[in-house]
Amino acid sequence: MIYKRSSALFAAAQKVIPGGVNSPVRAFKAVGGDPIFVKEAKGAYLYDEDGNRLIDYINSWGPMILGHAHPPVVNAVVEKAKKGTSFGMPTEIETQIAELAVSMVPNIDKIRFVNSGTEACMSAVRLARGYTQKDKIIKFAGCYHGHSDSFLIQAGSGAVTFGSPNSPGVTKGTAQDTLLARYNDLDHVERIITSNKGEIACIIIEPVAGNMGCIPPVKGFLEGLRALCDEHDVLLIFDEVMTGFRLARGGVQELLGVDADIVTFGKVIGGGLPVGAFAAREEIMNHLAPLGPVYQAGTLSGNPLAMAAGLAMLTELNNNQGIFTSLADKTEYLHTGIAKALKENNITHTINRLGSMISVHFDAGAVVDFDTAANGNNETFKKFFHGMLDNGIYIAPSAFETWFITEALTYEDLDETIAAVQKVAKTL
Ligand code: KE4
């Protein structure tokens, strides 16, 4: 594949944007080479600036669950834009999408919209601290909740990809209130809680981790966290920025039957426009300004264009719940095909999958937490990534990411992807 124009655009971008990108994971630093600049996208396909068509397994890191430029979403945004793009005043559409989200997700009475997953998670933790009057939080090594200071402690996704899981700029004062646990290790969480008795406001977790690759919770892990939170008066925050409205209509709470106290959203809820949200039962949410003392605000929160995109997206998912099964079936089909292709070529690997989230790890052992995710052979991953790209398949440019399946993928696209794995596996 030729990427001349992308490289030229990247050179220009680097002169005025740090690293040439507005989010580090896009820079291909983990896999080498220049990032691909996309010109446009439709359905399951990206069209890059050099005229290459790529089958997209990132889908804007999750939002494009129905495919790029999905007509109902595009039309909703276009029509809304004609009536003004932002008012800084309440609008009916905010209530409409709030009512729909509350009807789809268990255990939430109220929801507050913000502009990113980071903002949703940051605000959820502030709310938990304000509600419980306690300062410390527990997060899990390898989980990523956005780039708010409290979370950049052993964070996953881009933070670990660039070797700054503990980012400079985060003060010791902030870091000391973030306690780190091992994913899927309930005993470790219990030890942390009992040695910080009465000081922990919340546990925040990706209930199905996606920022160390895809790592599902082992049986009983989430249930155990729920029990520990109930026993020790700690709030349980499910960061469903990735999993919300993707793994099931009601997210992981519905899929795995474990109740959270606060849930955060991003990605799908905005239909590709900048939307995050956090939600909980009324007695918690009423602590938020202007009702309660916990302050949180945003000029563009509830922006009409973003609400229009999100409402169109959630409406379609709510009215066609078979989409979630179809997505899971396509992901299982892909898993089977990739595993067969790698096995036939004696490539040591592990594939993790849950619903429409999947990741390939070039390591023999089970990948159940950050340490085992970090065991993967990164040199093999880099060759795999570029081989797939050269065969017209765009997967995450980092081993610490999940592939996101879109309903726009056909089984022919999946077969083309599996055939590419077959070809690339011979070069690994
Ligand atoms: P944003 O602030 O990027 O909208 O959301 C932060 C966030 C919070 N929680 C979870 C579980 C997330 O996965 C994310 C963001 N995900 C990454 C991809 N792993 C976004 C890609 C990027 O950083 O550019």
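Being four residues apart in helix α12 (residues 322-344), E344 and K340 are separated by about one helical turn, where helices (H or I, at least four residues) and strands (E, at least two) are DSSP runs numbered from the N terminus. Their side chains meet in a salt bridge, with N and O 2.7 Å apart; the term stands for a side-chain nitrogen of Lys or Arg within 4 Å of a carboxyl oxygen of Asp or Glu. E344 is partly exposed, with a relative accessible area of 44%, whereas K340 is exposed at 51%. Here buried means under 20% relative accessible area, exposed over 50%, and partly exposed in between, with a 1.4 Å probe and protein chains only.

This is a predicted model, in which local features need pLDDT of at least 70 and side-chain atom pairs count only at pLDDT 80 or more, while totals for chains, interfaces and linings use all residues. Residues are numbered from 1 along each chain as its sequence is written, and side-chain values use heavy atoms, with hydrogens and water left out.

Because E282 lies in helix α10 (residues 282-285) and K110 in strand β4 (residues 110-114), the pair ties together parts that are 172 residues apart in sequence. E282 is partly exposed, with a relative accessible area of 38%, and K110 is partly exposed, with a value of 31%.

Another salt bridge links E199 with K136, the closest N and O atoms being 3.2 Å apart. E199 belongs to the loop between α7 (186-194) and β7 (200-205), and K136 to strand β5 (residues 136-140), so this pair connects parts that are 63 residues apart in sequence. E199 is partly exposed, with a relative accessible area of 35%, but K136 is buried, with 15%.

## Helix α4 and its ends

Among the buried residues of α4 are G117, T118, C121, L127 and T132.

At the N-terminal end, S116 caps the helix, with a side-chain oxygen 3.4 Å from the backbone nitrogen of T118. Just after α4, Q133 takes a positive phi of about 60°.

## The nonpolar cores

In soluble globular proteins, nonpolar side chains tend to be buried together. A nonpolar core is a set of buried Ala, Val, Leu, Ile, Met, Phe, Trp, Tyr and Cys residues joined through side-chain atoms within 4.5 Å. The largest such core has 113 residues, of which Y57, F140, I203 and F245 touch the most other members. Helix α11 (residues 304-319) gives the most to this core, with ten residues. A second, separate core of 21 residues includes V241, I262, F278 and V294.

Leaving aside its neighbours within four places in sequence, F245 is in contact (heavy atoms within 4.5 Å) with residues including I65, M104, F265, L314 and F324.

## Around the ligand

The ligand is surrounded by 17 residues, of which the closest are S23, T118, N211, D239 and E401; a residue counts when one of its heavy atoms lies within 4 Å. A backbone N or O atom of G117 lies 2.9 Å from an oxygen atom of the ligand. A nitrogen atom of the ligand is 3.2 Å from a polar backbone atom of Y144, and a polar side-chain atom of K267 lies 3.0 Å from a nitrogen atom of the ligand.

Conventions. Polar contact = N/O pair within 3.5 Å; in protein donor to acceptor, adjacent residues only side chain to side chain.
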